[in-house]
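Thanks for asking me to look this one over.

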Amino acid sequence: MKTYHIETMGCQMNERDSETIAGMLETHGYTKAGGRDADLIVINTCSVRENADNKFFGVLGQIKKAKESDPSRIVAVCGCMMQQEPIRKEIQEKFAWVNIVFGTQNIAELPELLRRVESNETARRRAWHTADDMPEIVEGLPAKREYAFKAFVNIIYGCNNFCTYCIVPYTRGREKSRAPEMITREAGDLCADGVREITLLGQNVNSYRGARADGQETDFPELLRMVAGTPGLERLRFMTSHPKDLSDRLIRLYAELPNLCPAIHLPIQSGSSEVLRRMNRHYTKEGYLELVRKLRAANPAIAITTDLIVGFPGETDADFEETMDVIERVRFDSAFTFLYSPRSGTPASGYADQIPEEVKHTRFDRMVARLNEITLEKNRAYVGRTEPVLIENFSKTRADMLSGRTPGGKLVNLPAPESGGAELIGRIVPVRITGVNTFSFTGSLA
Ligand code: SAH
Ligand code: SF4
Ligand code: F3S
């Protein structure tokens, strides 16, 4: 039996692509192996920040040894980095031993590329295929899912927003929505197969416009309502939602759909309306605060999480204080924080007023410290409550501990029962929260 090993470096969309790649490889006769001694190594890359690029070249350097120890081993690289010509050139020049290169738009072609390499049809056992933007979505590819009880479902591919800092529109092509019937069928099949939680995926789910077979169009709120009705579906989530397109109809669904989790990831990026304008985000600080007000009016318990970028070109001290002010006003449940990273090919990388590294770092440290304090303060309110927790797995560090998530998405660690606890994985159980810190809760079966 030939074996494969996939390393996934990017976001949820990247992870979902890896599930498709795994599904195709299994159909092609490969079985999953534990590590880099596999016959086929696939690296699924991310390019969103510079450290992602650097990490990839570090991994390639390490894999070179595995390749040298057994030259028959096949190495394939794919994902967002492969959509960029300078990266492909670097691989061509410095890592010519890489066998297969394919882009985010060419996943369906992997079996054919692999066949050509395996049969030594190509010069130096190399098969490359990348395309800038494919016009059609390829449906019906197999997938090997990471979890039995929760799943990602793509609803829209690509991005049309061109935020001035972001590489994604260049690596994922233009927006393409899947037909609603395809999505509801996939959700139905997943739930029939034991899935309890579905996360609908897209760079901006609010732009979803699916063409129905009857010629009508389905938008995101309507799709959410359709998917929420899937028999057996207990938790529905989605990401990511762009503030500029978050509609009142969508917000109302938080008060209406019982299985829509009380959680939203709503990246603000900056609290300064001027910075937001130069980021091409199409909303203001006030507009964002208004969305938060409406969301909390629809469901006071909703967990609001966000992404923040520090040190966007031209960010003044006053701009940064606006971000700190938004943090005080919203009190995010948690936040992903990033130092602005110039991506070549994006408009902002060419802006003259880049922020010095030490200024970025000083602002970043202050911001993260305050965000963490607020997260901890908010978490404390959960002590003593009983929450329904979807048990996901055993704790990474302790075999006698289970971990899972609340409807709001908080991570909970709890002692496994006498029986061992494996039977609880994939089930939603009441857990009494006994303690909290910034990044997780501790609890006990109620
Ligand atoms: N489509 C999602 C974001 C995908 S990228 C959205 O619009 O919300 C995830 C996050 O990476 C972004 O929200 C942003 O905060 C961060 N990011 C993207 N490009 C970046 C860059 N050049 N430097 C720093 N952070 C960046
Ligand atoms: Fe990037 Fe903006 Fe598109 Fe998100 S919406 S992927 S941040 S361009
Ligand atoms: Fe990275 Fe591509 Fe996702 S750049 S964040 S893997 S869309």
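Predicted model: local features only at pLDDT ≥ 70, side-chain atom pairs only at ≥ 80, totals over all residues.

1. Let's start with the overall layout. The domain assignment divides the protein into domain 1 (2–129), domain 2 (145–261), domain 3 (272–380) and domain 4 (386–445).

2. Next, the neighbours of ligand 1. There are 15 residues around ligand 1, and those that come nearest are R49, Q203, Q269, D307 and S341. Sorted by class, the shell holds seven nonpolar, four polar and four charged residues.

3. In D307, a side-chain N or O atom is 2.6 Å from an oxygen atom of ligand 1. For Q269, the distance from a side-chain N or O atom to an oxygen atom of the ligand is 2.7 Å. R49 places a polar side-chain atom 2.9 Å from an oxygen atom of ligand 1. As for cover, ligand 1 has 540 Å² of accessible area on its own, and the protein covers 89% of that.

4. Moving to ligand 2, the residues around it are C159, N161, F162, C163, Y165, C166, V168, P169, Q203, H242 and R281. By class, this shell divides into seven nonpolar residues, three polar and one charged.

5. Which residues surround ligand 3? They are G10, C11, N14, C46, S47, V48, C80, V168, R172 and Q203. Five of the shell residues are nonpolar, four are polar and one is charged. Since domain 1 (2–129) and domain 2 (145–261) both contribute residues to this shell, ligand 3 lies between them.

6. A reading tip on Q203: you will find this residue in the list for ligand 2, in the list for ligand 3, and among those that come nearest to ligand 1. V168 is listed both for ligand 2 and for ligand 3.

7. Now for the contact between domain 3 and domain 4. Their C-alpha centres lie 31 Å apart. Seven residues of domain 3 are in contact with seven residues of domain 4. About 570 Å² is buried between these two domains, with carbon and sulfur atoms giving 56% of that area. On the domain 3 side, N372, L376 and N379 lose the most area to domain 4, together accounting for 67% of what that side buries.

8. Lastly, two backbone details to check on screen. M239 and T240 are joined by a cis peptide bond, with omega about 5°; T240 sits in the loop between β13 (235–239) and α8 (248–256). F162, a residue other than glycine, has a positive phi near 50°. The place of F162 is the loop between β8 (156–157) and α5 (168–172), and F162 is also one of the residues around ligand 2.

Note on methods
Residues numbered from 1 in each chain as written. Chains lettered and ligands numbered in written order. Heavy atoms only, no water. Near = heavy atom within 4 Å. Polar contact = N/O pair within 3.5 Å; in protein donor to acceptor, adjacent residues only side chain to side chain. Areas by Shrake-Rupley, 256 points an atom, 1.4 Å probe, with all protein chains shown as cover. Nonpolar A, V, L, I, M, F, W, Y, C, P; charged D, E, K, R; others polar. Domains from an automatic or database assignment. Contact = heavy atoms within 4.5 Å. Buried area = accessible area lost by both parts, 1.4 Å probe. Helix = DSSP H or I, 4+ residues; strand = E, 2+ residues; numbered from the N terminus.
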